[in-house]
Amino acid sequence: MTTTQRQPHVALLDYGAGNIRSAQRALEHVGAQVTVTQDFSVAIEADGLVVPGVGSFDACMRGLREVNGPRIVGQRLAGSRPVLGICVGLQVLFDRGVEHGVDTRGMGEWPGTVDKLEADILPHMGWNTVDVAPESELFAGLDSRTRFYFVHSFGVQKWEMIADEFIAPPKVSWATHGRSRFVAAVENGPLWATQFHPEKSGEAGLKLLQNWCATL
């Protein structure tokens, strides 16, 4: 007798940021049941929550606050319920973002600042490899030559979380553009995030989303 694996239910938080539909299609492609929502209860109760992000740090934070995004993320993490941030959805998890002279408070789940990359060509747009953290679950089954699709001019260029001897340290993966080495992905308990767009990264991105969904 065979058993059918249950589809994980993923809430895709709709707070006015772009790129919702491509993320929805990619998640459905890897077997998730996806609900695009602003509803607090749906976002809290889903097996997984995805926080997308396109545009400026300040605009994304304003949109998130309008739908109680920081409270949703905080409440899920308090219950060890998985959250995945994508692009600016990674950036807003840090303390603050500084863009074009605008200093905006983030969600503060991780210490650190999002600021402008040092590079002759911005935005950083296109395919890039990632220096993957050892024993990464997110990148399982993908080798070091795998490329992912990035679109951004700002990033976190210093990891500032102090190690705790009683807690497993976060797995931080990095990428480089121009003179800047920046955080490309983080795996920290139930909170994972990527600076690149897995939903626009072809088969590699689908594999990464599949790895995340497998944890739900």
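Student: Let's start with the largest pocket. What volume does the largest pocket have?

Tutor: Keep in mind that we're looking at a predicted model. The largest pocket comes out at about 220 Å³.

Student: Which residues lie nearest its centre?

Tutor: Click on Gly55, Cys87, Val88, Val151 and His152, which lie nearest the centre of the largest pocket; the lining has 14 residues in total. Helix H5 (88-91) and strand E9 (147-152) are the elements that each give two or more residues to that lining.

Student: And how does the lining of the largest pocket divide by class?

Tutor: Six residues are nonpolar, six are polar and two are charged.

Student: How much space lies in the second largest pocket, and what lines it?

Tutor: About 160 Å³. Its lining includes Trp159, Met161, Ile162, Pro169, Pro170 and Asn188. By class, the lining of the second largest pocket has nine nonpolar residues, one polar and one charged.

Student: Now helices. How should I read which way the residues point?

Tutor: An α-helix has 3.6 residues a turn, so residues three or four places apart point the same way. Now try helix H6, residues 202-213. Its 12 residues reach 17 Å from first C-alpha to last, close to the 16 Å expected.

Student: Which residues of H6 are buried?

Tutor: Ala204, Gly205, Leu206, Leu208, Leu209, Asn211, Trp212 and Cys213 are buried.

Student: What covers them?

Tutor: The cover for the buried residues of H6 includes helix H1 (20-29), along with strands E1 (9-13), E3 (48-51), E4 (83-86), E9 and E13 (191-194).

Notes
Residues numbered from 1 in each chain as written. Predicted model: local features only at pLDDT ≥ 70, side-chain atom pairs only at ≥ 80, totals over all residues. Heavy atoms only, no water. 1 Å grid on protein atoms, 1.4 Å probe; cavity = no way out; pocket = protein on both sides within 12 Å on 5 of 7 lines; lining within 4 Å. Points joined across faces, edges and corners; volume = space filled by probe spheres on them. Helix = DSSP H or I, 4+ residues; strand = E, 2+ residues; numbered from the N terminus. Nonpolar A, V, L, I, M, F, W, Y, C, P; charged D, E, K, R; others polar. Expected span 1.5 Å × (residues − 1). Buried < 20%, exposed > 50% of the residue type's maximum accessible area, 1.4 Å probe, protein only. Contact = heavy atoms within 4.5 Å.
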